[in-house]
Amino acid sequence: MSNRRRAHALIFAGSIIFAFLLQLTPLPLALAAFKPYWLALVMIYWAIEAPHRVGLGFAFLIGLAGDLLIGQVLGEQALRLVVLVFIVLRFRSRLRFFPIGQQSLAVLALLLNDRMVVMMIRGFAGDPMPPLDFWVAPVVGMLAWPFVFLLLDDLRARIRAKST
Amino acid sequence: MPVTSPDKVSLFAEGTVSTLRLIVYLAAAMIIMVIDHRGGYLQGLRNMANLVVEPAYRAAALPSEVVRAGKLAIATQSHLVDENRALKEALLLAQVRLNRMSALTAQNDRLKQLLDVQRDLGLGVQLAQLIDIDLDPFRHRVVLNAGSAQSIVVGQPVLDAFGVMGQVVEVMPNTSVAMLITDPAHAIPVMVARTGLRTIAYGTGAIDRLQLPNIPISADLKVGDALVTSGLGGRFPAGFPVGEVLEISNDESGMFAAAIARPAAALDRSGEVLLLQDLPQPMGPPVPEPGMQTPVEDVSASPAPGGQP
């Protein structure tokens, strides 16, 4: 039992670290704008599946870590992830039972909302408005969601099968 | 734990996470952001956390490095021979140009001595490599594999073989972050090489575009004009290619012309870059050094009177 919990914690931590690295890894220049917000996808997954691990405080800390690694202003991603995780936890009981297509649409809405939060933050900071392809990344995130979900679900199912 | 028994919650219950905590965290994030925006503590923090940050950068750059190494390993010999020949030709060309330049430089030095000009064009350069990671596609920053341990300082101009790329904005012990000239927050003082018209080129956020607003309508500017650094502002030394004018149009008010230029440097191709070591002419009076010995040094250290923007 404790073995299984340890493996579960390993997947949890590993997926988040992997999301950080994926966020940093460059895409070819033509695709640079299409990079989804991997960290958000992984956080959504864990907020739906393991809400006892992912609370607002955890999202806040992960966001600060993200700012330390990637961000320009400390606190930007912390704010984004807190908003995101709050919405997911609020509607968790419904999101869990959505079929995957509907879930993807919900993820699209979450990521679009996230983009709006970014725009607000940058607007307050006095940055110029981002170009149009700023809005493409949420769509890519939506398309990537089923894969993230199925991959992580499958990993967890394997552990469960192995430990019983 | 905020969530007690998630499985017993009905399908349409609003989750158990409380709004109060959301407000507290949002307020905390906003306070941190405002403080950081004013004070810029993020860089200091990143410096302190460099033991984690730098390895993460290197790890994230690993896949593209592997791809590059793989490409090199499976490159055919004919391709390598071709490349080698092209490089040799380029070297020969550069050598010839350099030889001609060295005569000119010697002559220039003599003339300068005659004119008693103290400005020195001797440039110390340092090679650095780009670490191939992506900080934010909407801000144009690159990470270099040299930092304060290699005596990189904030403000050093970054060049490649074709022109100015940007400047160093953040230094960590073994890595540094440079802002490209196309970053929306970047501006570089330029001069039209043909006419000497001085203006400022702003980054646009597009990797192949620079923007030159507020040019007088009567100014002599043509499509195809080369832009070089003007040396004003004291950050970039004068005379390095910046870009080429692509198009000229009137701005909305009709009072000024606005031009679009293409950067000369290959900003979108990663590889090796040059960091200028000698910062150009210092702004304002020089800092008095404790170990100052001869009055001659004092004269040579004073800035040129035209150096103020």
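Predicted model: local features only at pLDDT ≥ 70, side-chain atom pairs only at ≥ 80, totals over all residues.
Residues are numbered from 1 along each chain as its sequence is written, while chains are lettered from A and ligands numbered from 1 in the order in which they are written.

Where the chains meet, 40 residues of chain A are in contact with 44 residues of chain B, two residues being in contact if their C-beta atoms, placed from the backbone, lie within 7 Å. On the side of chain A that touches chain B, two or more residues come from each of α1 (2-24), α3 (56-69), α4 (76-90) and α5 (92-95) of chain A, and α4(A) gives the largest share, seven residues. Helices (H or I, at least four residues) and strands (E, at least two) are DSSP runs, numbered from the N terminus. That side of chain A holds 28 nonpolar, six polar and six charged residues, where Ala, Val, Leu, Ile, Met, Phe, Trp, Tyr, Cys and Pro count as nonpolar, Asp, Glu, Lys and Arg as charged, and the others, Gly among them, as polar.

Helix α3(A) is mostly covered, with 10 of its 14 residues buried; a residue is buried if 20 or more other C-beta atoms lie within 10 Å of its own, exposed if 12 or fewer, and partly exposed in between, with C-beta atoms placed from the backbone. The buried residues of α3(A) include Leu56(A), Phe60(A) and Asp67(A), and their cover includes α1, α2 (38-49) and α4 of chain A together with α1 (19-39), α2 (42-48) and α3 (50-73) of chain B.

The largest nonpolar core has 97 residues, and Leu84(A) is among those with the most contacts inside it; such a core is a set of buried Ala, Val, Leu, Ile, Met, Phe, Trp, Tyr and Cys residues joined through C-beta atoms within 7 Å. Beyond its neighbours within four places in sequence, Leu84(A) is in contact with Ala40(A), Met43(A), Ile44(A), Leu110(A) and Asp114(A).

Chain B has five helices and 12 strands, and 26% of its 309 residues are buried. Two of its residues are set out below.
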